[in-house]
Amino acid sequence: MKKGILMFAACLTTMTAAAQFSEDGQDLEEEYLESKTFLDNVYTGGGRKANWFLSVKGGISAFAGNPVGHGDLYDRTKVMLNAAVGKWATPHAGGHIAFQGLQLLDADIRKTDYQNIHADFLSNLTGGFIKENEKMSRWDIIPYAGAGILRNDRTGQMPFAFSYGIIARLRLADRLHLSAEVAGTTTMRDFDGQGEPNKFGDNLLQASVGLDLTIGRTGWRRVVDPIPYIFQNDILYTRLAKVREDNFLEDRDR
(Lines give C-alpha, C1' and ligand atoms only; values in the text may rest on other atoms or scores of the structure.)
Protein backbone atom coordinates (compact mmCIF):
# COMPACT_ATOMS: atom_id res chain seq x y z
CA MET A 1 0.00 0.00 0.00
CA LYS A 2 2.74 2.40 0.99
CA LYS A 3 4.64 1.52 -2.18
CA GLY A 4 1.57 2.25 -4.30
CA ILE A 5 1.09 5.66 -2.65
CA LEU A 6 4.71 6.57 -3.38
CA MET A 7 4.39 5.54 -7.02
CA PHE A 8 1.19 7.59 -7.39
CA ALA A 9 2.93 10.64 -5.87
CA ALA A 10 5.89 10.25 -8.22
CA CYS A 11 3.60 10.05 -11.26
CA LEU A 12 1.67 13.12 -10.12
CA THR A 13 4.90 15.07 -9.65
CA THR A 14 6.17 14.09 -13.12
CA MET A 15 2.88 15.07 -14.82
CA THR A 16 2.85 18.47 -13.11
CA ALA A 17 6.50 19.07 -13.99
CA ALA A 18 5.90 18.07 -17.62
CA ALA A 19 3.03 20.55 -17.91
CA GLN A 20 5.16 23.35 -16.49
CA PHE A 21 8.08 22.22 -18.67
CA SER A 22 5.93 22.42 -21.80
CA GLU A 23 4.61 25.88 -20.90
CA ASP A 24 8.07 27.29 -20.23
CA GLY A 25 9.63 25.46 -23.16
CA GLN A 26 7.23 27.06 -25.65
CA ASP A 27 8.61 30.52 -24.86
CA LEU A 28 12.16 29.22 -25.21
CA GLU A 29 11.41 27.69 -28.59
CA GLU A 30 10.08 31.02 -29.80
CA GLU A 31 13.19 32.73 -28.49
CA TYR A 32 15.79 30.32 -29.88
CA LEU A 33 14.40 28.05 -32.58
CA GLU A 34 12.64 30.72 -34.65
CA SER A 35 15.86 32.76 -34.77
CA LYS A 36 17.95 29.83 -36.02
CA THR A 37 21.50 30.88 -36.87
CA PHE A 38 24.32 29.21 -38.80
CA LEU A 39 28.03 28.92 -38.23
CA ASP A 40 30.12 31.27 -40.36
CA ASN A 41 31.78 29.58 -43.34
CA VAL A 42 31.02 26.05 -42.08
CA TYR A 43 29.36 23.70 -44.57
CA THR A 44 28.61 20.02 -45.02
CA GLY A 45 27.53 17.92 -48.00
CA GLY A 46 30.90 17.00 -49.52
CA GLY A 47 32.32 13.53 -49.98
CA ARG A 48 34.10 11.54 -52.66
CA LYS A 49 31.12 11.55 -55.05
CA ALA A 50 30.08 15.18 -54.60
CA ASN A 51 30.75 18.33 -56.61
CA TRP A 52 32.85 16.94 -59.46
CA PHE A 53 32.71 19.02 -62.62
CA LEU A 54 33.57 18.96 -66.32
CA SER A 55 34.48 22.16 -68.16
CA VAL A 56 34.64 22.77 -71.93
CA LYS A 57 35.46 26.19 -73.40
CA GLY A 58 36.56 27.70 -76.67
CA GLY A 59 38.59 30.86 -77.13
CA ILE A 60 41.80 32.42 -78.38
CA SER A 61 45.48 32.25 -77.37
CA ALA A 62 48.44 34.46 -78.23
CA PHE A 63 52.13 33.59 -77.97
CA ALA A 64 54.54 36.14 -76.44
CA GLY A 65 58.12 34.92 -76.52
CA ASN A 66 61.62 35.97 -75.57
CA PRO A 67 63.14 37.05 -77.93
CA VAL A 68 60.12 39.01 -79.07
CA GLY A 69 60.39 38.08 -82.75
CA HIS A 70 58.13 39.38 -85.51
CA GLY A 71 54.66 40.88 -85.31
CA ASP A 72 52.56 41.73 -82.27
CA LEU A 73 50.09 39.81 -80.10
CA TYR A 74 47.31 40.28 -82.64
CA ASP A 75 49.48 38.68 -85.36
CA ARG A 76 50.05 35.65 -83.09
CA THR A 77 46.44 34.99 -82.07
CA LYS A 78 44.93 31.57 -82.80
CA VAL A 79 41.81 29.64 -81.79
CA MET A 80 42.20 27.35 -78.78
CA LEU A 81 40.37 24.56 -76.90
CA ASN A 82 40.20 24.58 -73.09
CA ALA A 83 38.91 21.49 -71.23
CA ALA A 84 39.16 20.43 -67.58
CA VAL A 85 37.91 17.93 -65.02
CA GLY A 86 37.97 18.78 -61.33
CA LYS A 87 36.37 18.61 -57.91
CA TRP A 88 35.38 21.05 -55.15
CA ALA A 89 36.49 19.71 -51.76
CA THR A 90 34.85 22.65 -49.93
CA PRO A 91 32.90 25.71 -51.15
CA HIS A 92 36.23 27.59 -51.07
CA ALA A 93 38.84 25.12 -52.33
CA GLY A 94 39.18 22.59 -55.12
CA GLY A 95 41.39 21.45 -57.96
CA HIS A 96 41.31 20.50 -61.61
CA ILE A 97 43.40 18.91 -64.35
CA ALA A 98 43.18 20.98 -67.52
CA PHE A 99 44.11 20.68 -71.19
CA GLN A 100 44.69 23.68 -73.46
CA GLY A 101 45.82 23.46 -77.03
CA LEU A 102 45.36 23.39 -80.82
CA GLN A 103 47.76 25.77 -82.60
CA LEU A 104 50.02 28.76 -81.92
CA LEU A 105 52.11 31.19 -83.96
CA ASP A 106 55.70 31.45 -82.68
CA ALA A 107 58.18 34.36 -82.81
CA ASP A 108 58.67 33.87 -86.57
CA ILE A 109 54.88 33.65 -87.18
CA ARG A 110 55.23 29.94 -87.92
CA LYS A 111 52.23 27.75 -87.19
CA THR A 112 52.65 24.77 -84.88
CA ASP A 113 50.43 22.46 -82.86
CA TYR A 114 50.83 22.55 -79.07
CA GLN A 115 49.39 20.84 -75.99
CA ASN A 116 49.37 22.24 -72.46
CA ILE A 117 48.44 19.86 -69.62
CA HIS A 118 48.48 21.17 -66.04
CA ALA A 119 47.07 20.59 -62.55
CA ASP A 120 45.88 23.61 -60.56
CA PHE A 121 44.62 24.62 -57.14
CA LEU A 122 41.30 26.52 -57.29
CA SER A 123 40.19 29.09 -54.70
CA ASN A 124 36.56 30.27 -54.85
CA LEU A 125 36.48 33.79 -53.41
CA THR A 126 32.66 33.82 -53.28
CA GLY A 127 32.23 30.31 -51.82
CA GLY A 128 31.08 31.72 -48.48
CA PHE A 129 28.13 33.63 -49.95
CA ILE A 130 25.76 30.65 -49.91
CA LYS A 131 22.26 31.31 -48.60
CA GLU A 132 20.43 28.82 -46.37
CA ASN A 133 18.13 27.60 -49.16
CA GLU A 134 20.77 27.48 -51.94
CA LYS A 135 22.85 24.48 -52.95
CA MET A 136 25.60 26.58 -54.55
CA SER A 137 26.50 30.25 -54.83
CA ARG A 138 25.00 32.23 -57.70
CA TRP A 139 28.28 33.83 -58.80
CA ASP A 140 31.81 32.43 -58.50
CA ILE A 141 35.13 34.26 -58.80
CA ILE A 142 37.89 31.62 -58.92
CA PRO A 143 41.60 32.42 -59.20
CA TYR A 144 43.89 29.45 -59.73
CA ALA A 145 47.56 28.52 -60.04
CA GLY A 146 49.45 25.34 -60.83
CA ALA A 147 52.02 23.67 -63.04
CA GLY A 148 52.34 21.18 -65.87
CA ILE A 149 53.97 20.34 -69.20
CA LEU A 150 53.81 22.36 -72.45
CA ARG A 151 54.61 20.55 -75.72
CA ASN A 152 55.60 22.08 -79.07
CA ASP A 153 54.95 19.60 -81.92
CA ARG A 154 57.34 21.35 -84.35
CA THR A 155 60.40 21.47 -82.09
CA GLY A 156 59.58 18.51 -79.86
CA GLN A 157 60.21 20.65 -76.78
CA MET A 158 58.33 19.59 -73.60
CA PRO A 159 59.37 22.09 -70.91
CA PHE A 160 57.95 22.56 -67.42
CA ALA A 161 55.40 25.40 -67.29
CA PHE A 162 53.51 27.44 -64.71
CA SER A 163 49.79 28.06 -65.22
CA TYR A 164 47.62 30.76 -63.63
CA GLY A 165 44.36 32.53 -64.29
CA ILE A 166 40.94 33.54 -63.06
CA ILE A 167 37.51 32.03 -63.79
CA ALA A 168 34.15 33.79 -63.49
CA ARG A 169 31.02 31.60 -63.36
CA LEU A 170 27.28 32.22 -63.39
CA ARG A 171 25.02 29.41 -62.17
CA LEU A 172 22.33 28.78 -64.80
CA ALA A 173 20.90 25.64 -63.12
CA ASP A 174 21.78 23.25 -60.28
CA ARG A 175 24.34 21.46 -62.47
CA LEU A 176 25.19 24.02 -65.14
CA HIS A 177 27.39 27.14 -65.08
CA LEU A 178 28.29 29.67 -67.74
CA SER A 179 32.06 30.05 -67.40
CA ALA A 180 34.59 32.61 -68.68
CA GLU A 181 38.35 32.35 -68.13
CA VAL A 182 41.41 34.54 -68.60
CA ALA A 183 44.68 32.67 -68.15
CA GLY A 184 48.39 32.56 -68.78
CA THR A 185 51.18 30.01 -69.09
CA THR A 186 54.88 30.74 -68.56
CA THR A 187 57.64 28.36 -69.71
CA MET A 188 61.27 28.28 -70.88
CA ARG A 189 62.55 30.76 -73.47
CA ASP A 190 63.56 28.03 -75.94
CA PHE A 191 60.03 26.57 -76.13
CA ASP A 192 59.60 27.97 -79.68
CA GLY A 193 63.13 26.98 -80.75
CA GLN A 194 64.62 30.39 -80.00
CA GLY A 195 65.98 31.95 -76.83
CA GLU A 196 68.05 30.72 -73.89
CA PRO A 197 67.34 27.32 -72.33
CA ASN A 198 66.59 26.88 -68.62
CA LYS A 199 65.30 30.42 -68.27
CA PHE A 200 61.65 31.42 -68.10
CA GLY A 201 60.43 33.89 -70.73
CA ASP A 202 58.01 32.36 -73.25
CA ASN A 203 54.32 32.95 -72.49
CA LEU A 204 50.90 31.98 -73.75
CA LEU A 205 47.98 34.32 -73.02
CA GLN A 206 44.48 32.79 -73.23
CA ALA A 207 40.84 33.84 -73.05
CA SER A 208 37.91 31.42 -73.35
CA VAL A 209 34.16 31.03 -72.71
CA GLY A 210 32.11 27.87 -72.23
CA LEU A 211 30.09 25.70 -69.84
CA ASP A 212 30.80 23.82 -66.59
CA LEU A 213 28.74 20.71 -65.78
CA THR A 214 28.57 19.43 -62.19
CA ILE A 215 28.33 15.63 -61.79
CA GLY A 216 27.59 13.51 -58.72
CA ARG A 217 25.92 15.10 -55.70
CA THR A 218 25.74 18.87 -55.88
CA GLY A 219 25.95 21.73 -53.43
CA TRP A 220 26.50 22.30 -49.73
CA ARG A 221 24.45 22.74 -46.56
CA ARG A 222 25.16 25.38 -43.95
CA VAL A 223 25.77 24.01 -40.43
CA VAL A 224 23.38 25.19 -37.71
CA ASP A 225 24.94 26.99 -34.73
CA PRO A 226 24.46 24.62 -31.70
CA ILE A 227 25.05 27.26 -28.99
CA PRO A 228 21.39 28.47 -28.74
CA TYR A 229 20.26 24.85 -28.36
CA ILE A 230 22.83 24.24 -25.64
CA PHE A 231 21.55 27.30 -23.76
CA GLN A 232 17.98 26.14 -24.27
CA ASN A 233 18.69 22.67 -22.88
CA ASP A 234 20.46 24.12 -19.83
CA ILE A 235 17.58 26.50 -19.07
CA LEU A 236 14.93 23.80 -19.56
CA TYR A 237 16.82 21.37 -17.33
CA THR A 238 17.15 24.02 -14.60
CA ARG A 239 13.45 24.91 -14.78
CA LEU A 240 12.37 21.28 -14.75
CA ALA A 241 14.50 20.59 -11.68
CA LYS A 242 12.99 23.63 -9.93
CA VAL A 243 9.42 22.50 -10.75
CA ARG A 244 10.11 19.02 -9.42
CA GLU A 245 11.61 20.45 -6.24
CA ASP A 246 8.63 22.76 -5.66
CA ASN A 247 6.15 19.93 -6.20
CA PHE A 248 8.06 17.66 -3.84
CA LEU A 249 8.07 20.32 -1.09
CA GLU A 250 4.31 20.89 -1.58
CA ASP A 251 3.59 17.17 -1.28
CA ARG A 252 5.79 16.87 1.78
CA ASP A 253 4.05 19.75 3.56
CA ARG A 254 0.56 18.36 3.05
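A salt bridge here is a side-chain nitrogen of Lys or Arg within 4 Å of a carboxyl oxygen of Asp or Glu. Keep that cut-off in mind for the tour. The model on your screen is predicted.

**Stop 1: Arg169 and Asp212**

Select Arg169 and Asp212. Their closest N and O atoms are 3.3 Å apart, and the two residues form a salt bridge. Now colour the strands. Arg169 sits in strand 7 and Asp212 in strand 9, so this pair ties together parts of the chain 43 residues apart in sequence. Is Asp212 buried or exposed? Asp212 counts as buried, because its relative accessibility is 4% and the limit for buried is under 20%.

**Stop 2: Asp140**

Which strands does the pair link? Asp140 belongs to strand 6, residues 139-152, while Arg169 belongs to strand 7, residues 160-173.

Asp140 is buried, with a relative accessible area of 1%. Arg169 is buried too, at 4% relative accessibility.

**Stop 3: the network**

Show Asp140, Arg169 and Asp212 together. Salt bridges with shared partners join these three residues into one network.

**Stop 4: Arg151 and Asp153**

Next, select Arg151 and Asp153. They form a salt bridge, with the closest N and O atoms 2.1 Å apart. Are these residues buried or partly exposed? Arg151 is partly exposed at 31% relative accessibility. Asp153 is partly exposed as well, with a relative accessible area of 31%. How many salt bridges does the model have by this rule? The count is four.

**Stop 5: a nonpolar patch**

Leave the charged residues. Select Trp52, Leu54, Val85, Ile97, Ile117, Leu213 and Ile215. Together they form a nonpolar patch on the surface, with about 580 Å² of accessible area. Colour strand 2 (52-64) and strand 9 (200-215). Each of these strands supplies at least two residues of the patch.

End on Ile215, which lies in strand 9. Ile215 counts as partly exposed, because its relative accessibility is 34%.

Methods. Residues numbered from 1 in each chain as written. Predicted model: local features only at pLDDT ≥ 70, side-chain atom pairs only at ≥ 80, totals over all residues. Heavy atoms only, no water. Patch = residues over 30% accessible without salt bridge, like charges linked within 9 Å, V, L, I, M, F, W, Y side chains within 5 Å. Areas by Shrake-Rupley, 256 points an atom, 1.4 Å probe, with all protein chains shown as cover. Helix = DSSP H or I, 4+ residues; strand = E, 2+ residues; numbered from the N terminus. Buried < 20%, exposed > 50% of the residue type's maximum accessible area, 1.4 Å probe, protein only.
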